[in-house]
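Welcome! Take a moment to look over the sequence and the model, and then let us walk through the inside together.

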Amino acid sequence: MAPKIAFQGELGAYSHEACIAARPDHTPLPCATFEDVIEAVRAGNAELAMLPVENTTYGRVADMHRLLPESGLHIIDEAFVRVRIALLANPGTTLKQIKTVRAHLVLIPQCRAFLSKHGIRGEAAADNAGAAAEVAASGTTEIGALASALAAETYGLEVLAEGIEDHDTNTTRFLVMSRTPNAERRGDTHMLTSFVFRVRNIPAALYKAMGGFATNGVNMVKLESYMVGGGFTATQFYADITGHPDDPEVKRAMEELSYFTTELRILGTYPAAFARN
């Protein structure tokens, strides 16, 4: 039996697309929520989790940075999916018949020019693949769905138009996570290390903590802050750096960081995706 990779959403979702691209030898396992994805792996119902963390249009995925440190899982890979939006409808439907399209709230504005040109109204749905499934089940010829071509294939819908997004750079970054870490050097690109930390409550703590990366020549490709514990006094930081924890310069930078932090936790070490090059 093939190993499973869990993702949030219905079959045909962009997360499903990411699973196929990154782990074609795994069986995708749809889950209702991100928490369910994590629990599926922790409980042994799936070997891997595919979780979106950021999008070039809408920024970071809400709650993901809160969930990752507490998940008990480890990042072992990253994947990028170019979000190509298609207008899907039941077989035999023409574009002129479509009066309304259903999709997740964040997808509808990305097709504003196309929808306006054709006089189509957008209607919010819980998720894109789910909207496609509902359209297929309804048999309607007046309502379409905005989703992936994979969703059309999954639910027996026709693609009336493809690549209808206003901007052709919309990309989502995903993390592949496992119960066990994999710090082996692998792949044909450089390694990345992701971690979270909290700085000590002293003046210029963050400035001093970051100094070690600059002086040791370690490239920090991402740094984000977010509140924890429901208060404005506890701030946690999420960071991605280029390098492996065993690299001498990374070791020195992390040691210096530890002097100015109350908590430091590595989430994973993994090869950079070719999409970064």
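Which helices and strands each supply at least two residues of the lining of the largest pocket? They are α1 (14-22), β3, β4 (59-60), α5 (128-138) and β11. Helices (H or I, at least four residues) and strands (E, at least two) are DSSP runs, numbered from the N terminus.

Before going further, please note that this is a predicted model, in which local features need pLDDT of at least 70, side-chain atom pairs count only at pLDDT 80 or more, and totals for chains, interfaces and linings use all residues. Residues are numbered from 1 along each chain as its sequence is written, and side-chain values use heavy atoms, with hydrogens and water left out.

**The pocket**

A pocket is an open set of points on a 1 Å grid over the protein atoms alone, where a 1.4 Å probe fits, with protein on both sides within 12 Å along at least five of seven lines; lining residues have an atom within 4 Å of a point. The largest pocket has a volume of about 600 Å³, the volume being the space filled by probe spheres set on the points. Of its 25 lining residues, P52, V61, H104, V106 and N128 are the closest to the centre. Here is the lining by class:

| Class | Lining residues |
|---|---|
| Nonpolar (Ala, Val, Leu, Ile, Met, Phe, Trp, Tyr, Cys, Pro) | 13 residues |
| Polar (the others, Gly among them) | 10 residues |

**The cores**

A nonpolar core is a set of buried Ala, Val, Leu, Ile, Met, Phe, Trp, Tyr and Cys residues joined through side-chain atoms within 4.5 Å. Buried means under 20% relative accessible area, exposed over 50%, and partly exposed in between (1.4 Å probe, protein chains only). The largest core holds 27 residues, and L51, L68, L175, M177 and Y238 have the most contacts inside it. Two or more residues come from each of α2 (34-42), β3 (48-55), α3 (64-70), β11 (171-178), β12 (191-199) and β15 (261-271). The largest share, 5 residues, is from α2. A second, separate core of 17 residues includes A89, I108, L115 and L146.

In α2, the buried residues are F34, V37, I38, A40 and V41. They lie on the same side of α2, because they cover an arc of only 155° around the axis, taken from the directions from the helix axis to the C-beta atoms. Their cover includes β1 (4-8), β2 (27-31), β3 and α3. After α2 comes G44, with a positive phi near 85°.

A204, in the loop between β12 and α7 (205-215), has a positive phi of about 60° although it is not a glycine.

Notes
Contact means heavy atoms within 4.5 Å.
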